[in-house]
Amino acid sequence: MSSSTDQYSTLRPVTRHITTNDPTGTAQIHASTPGQWRRIGPHLAINTIYSTSTSPPSLTDNTDITTHEQAISSGTLGLAQPHGTVCSIVELGPGNTAPHMHRTQSLDYGVVVAGEVELLLDGGEKRVLGAGDVVVQRATMHAWRNPSETEWARMMFVLVGCEKLVVGGKEMGQDLGSKEKELTHISGSTS
């Protein structure tokens with residue numbers, strides 16, 4: 001599966017703008033690029049906006065930009081970076097009746113940008129979220145579902161790698177379930 005600038009949803013296209021400093025320290029645009037979408041099944045598309053491999057990241061000489069570009073082109077970037085961050089846009093198609101339960105080894109900030117999204121937890125709790133709602137996802141088993149039969153939904157996520165979570169003496173590692181292969185490496189080509 002490879003990435004594409006073709007957007008699958010009917011939502012406004014996403015453009016990523018990266019800033020930098022010129023040699024005198026004046027701000028400028030480094031790059032403006034259309035979204036690179038990767039389709040995961042019929043109801044899910046992911047656009048990895050940016051990633052860092054360390055925290056705090058080094059911005060000197062655009063080190064972070066180079067590192068991100070290498071992670072994308074290598075096809076090894078996962079949903080979360082163990083010692084860094086990943087910013088992604090996720091689009092959920094209408095009629096998604098089979099949400100995917102999963103856990104990442106990360107602290108995630110998820111913001112609903114368009115449409116409605118239902119958050120489902122493995123303990124049975126559910127919340128319907130609208131544009132502007134924020135979820136702080138703390139390495140829990142969860143799934144996302146678009147309850148609409150006709151409209152796409154969009155969320156923006158920032159995943160921050162975290163220390164291994166231990167609950168009741170048991171290590172709760174990453175669990176991507178049946179989508180392990182598709183979600184382990186979400187960047188570049190994995191044909």
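**Close-ups of a predicted model**

View 1. Strands β7 (residues 116–121) and β8 (residues 126–130) run antiparallel and are joined by 5 bridges. Strands here are DSSP runs (E, at least two residues), numbered from the N terminus, and two of them pair if DSSP finds at least two bridges between them. Look for leucine 119, whose bridge partner in β8 is arginine 127. The hairpin has 4 residues between its strands, and glycine 124 takes a positive phi near 105° there. A note on the model: it's predicted, so local features need pLDDT of at least 70 and side-chain atom pairs count only at pLDDT 80 or more, while totals for chains, interfaces and linings use all residues. Residues are numbered from 1 along each chain as its sequence is written, and side-chain values use heavy atoms, with hydrogens and water left out.

**View 2. The open sheet.** Six strands line up here in the order β3-β4-β5-β11-β6-β9, with antiparallel pairing. At the edges sit β3 (37–39) and β9 (134–138), each pairing on one side only. Neighbouring strands are turned by 25° against each other on average, direction ignored; the axes behind that angle are lines fitted to C-alpha atoms, and angles run from 0 to 180 degrees between N-to-C directions.

**View 3. Zooming in on β5 and β11.** Here 8 bridges join β5 (residues 85–92) to β11 (residues 153–161), and the two run antiparallel.

**View 4. A charge over a ring.** Arginine 39 puts its charged end over the ring of tyrosine 8, 4.6 Å from the ring's centre. To count, NZ of Lys or CZ of Arg has to be within 6 Å of the ring centre and within 35 degrees of the ring normal.
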